[in-house]
Amino acid sequence: MSRVCTQALNFELRAGESLLEGLERTGHAVEYQCRSGYCGSCRTPLLEGSVSYQQTPLAFVAAGDILPCCCQPQGDIILDLDTEQVKKQA
C-alpha cells in the first residue's frame with residue numbers, strides 16, 4: 001500500500017481505494033464533481049512522489065498537480081493539503 005502524507009496527517013491507502021476515497025476517509029476536504037478525471041475539481045498539488053493514470057484524464061493537469069479521483073500513487077507521495085483542508089471531526 002502507498003503512504004500518503006499531507007501537512008495534516010499521514011495514512012495508508014487501503015486495497016482498492018482511490019486516492020480521493022482515502023483523502024475523504026481521513027477527513028480531508030477535497031472538492032470533486034465527477035470522480036473520473038473529467039472536471040478537474042479535485043486538482044491537488046503533488047510535492048513529492050509520482051502517480052499514474054489508467055486513462056489520460058480529460059481535465060487539464062498542470063505539471064506538479066494530480067487528480068486524486070483517478071490516479072494511483074506509485075509508492076509514497078506527499079500532497080500540498082494543509083490543516084484547513086481537513087474537516088473537523090465531530
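Trainee: Let's begin at the start of the chain. Where is the place of Met1?
Mentor: Met1 sits in the segment before β1, which covers 3–5. Keep in mind that this is a predicted model.

Trainee: Is Met1 buried or exposed?
Mentor: Met1 is exposed, because its relative accessible area is 64%.

Trainee: Which residues does Met1 touch, not counting those up to four places away in sequence?
Mentor: With residues up to four places away in sequence left out, Met1 touches Glu12, Leu13, Arg14 and Ala15.

Trainee: And how are Met1 and Gly75 placed, what separates their C-alpha atoms?
Mentor: They are 74 residues apart along the chain, and 7.7 Å separates the two C-alpha atoms.

Trainee: OK, on to Ser18. Where is Ser18 found?
Mentor: Look in the loop that runs between β2 (10–12) and α1 (19–25).

Trainee: Why does Ser18 count as buried?
Mentor: Its relative accessibility is 14%, and the cut-off for buried is under 20%.

Trainee: What does Ser18 touch, setting aside residues up to four places away in sequence?
Mentor: On that basis, Ser18 touches Leu13, Pro68, Cys69 and Gln72. Leu13 is also listed among the contacts of Met1. As for Glu31, it is 13 residues from Ser18 in sequence and 15 Å from it in space, C-alpha to C-alpha.

Trainee: Nice. Where is the place of Arg35?
Mentor: Arg35 belongs to the loop between α1 and β3. Arg35 counts as partly exposed because its relative accessibility is 34%.

Trainee: What about the phi of Arg35?
Mentor: That one is worth a look. Phi of Arg35 is near 65°, a positive value in a residue other than glycine. Most residues other than glycine have a negative phi.

Trainee: Let's do pockets. What volume does the largest pocket have?
Mentor: About 160 Å³.

Trainee: Which residues line the largest pocket?
Mentor: The lining is made up of Ser36, Gly37, Tyr38, Gln54, Gln55, Thr56, Pro57, Leu58 and Cys70. By class, that gives four nonpolar and five polar residues, with no charged ones.

Trainee: Can we zoom in on Thr56 from that lining? Where does Thr56 lie?
Mentor: Thr56 is in the loop between β4 (51–53) and β5 (65–66). Thr56 is exposed, since its relative accessible area is 74%.

Trainee: And how many residues apart in sequence are Thr56 and Tyr38?
Mentor: They are 18 residues apart in sequence, and their C-alpha atoms are 9.9 Å apart in space. Both residues are in the lining of the largest pocket.

Trainee: Last one, Pro45. Which strand does Pro45 lie in?
Mentor: Pro45 is part of β3, residues 44–48. Pro45 counts as partly exposed, because its relative accessibility is 31%.

Trainee: What does Pro45 touch, not counting residues up to four places away in sequence?
Mentor: Pro45 touches Gly64, Asp65, Leu79 and Asp80 by that count. For Pro45 and Leu67, the separation is 22 residues in sequence and 8.9 Å in space, C-alpha to C-alpha.

Conventions: Residues are numbered from 1 along each chain as its sequence is written. This is a predicted model: local features need pLDDT of at least 70, side-chain atom pairs count only at pLDDT 80 or more; totals for chains, interfaces and linings use all residues. Side-chain values use heavy atoms; hydrogens and water are left out. On a 1 Å grid over the protein atoms alone, a cavity is a set of points where a 1.4 Å probe fits but cannot get out, and a pocket is an open set with protein on both sides within 12 Å along at least five of seven lines; lining residues have an atom within 4 Å of a point. Grid points are joined across faces, edges and corners, and a volume is the space filled by probe spheres set on the points. Ala, Val, Leu, Ile, Met, Phe, Trp, Tyr, Cys and Pro count as nonpolar, Asp, Glu, Lys and Arg as charged, and the others, Gly among them, as polar. Helices (H or I, at least four residues) and strands (E, at least two) are DSSP runs, numbered from the N terminus. Buried means under 20% relative accessible area, exposed over 50%, partly exposed in between (1.4 Å probe, protein chains only). Contact means heavy atoms within 4.5 Å.
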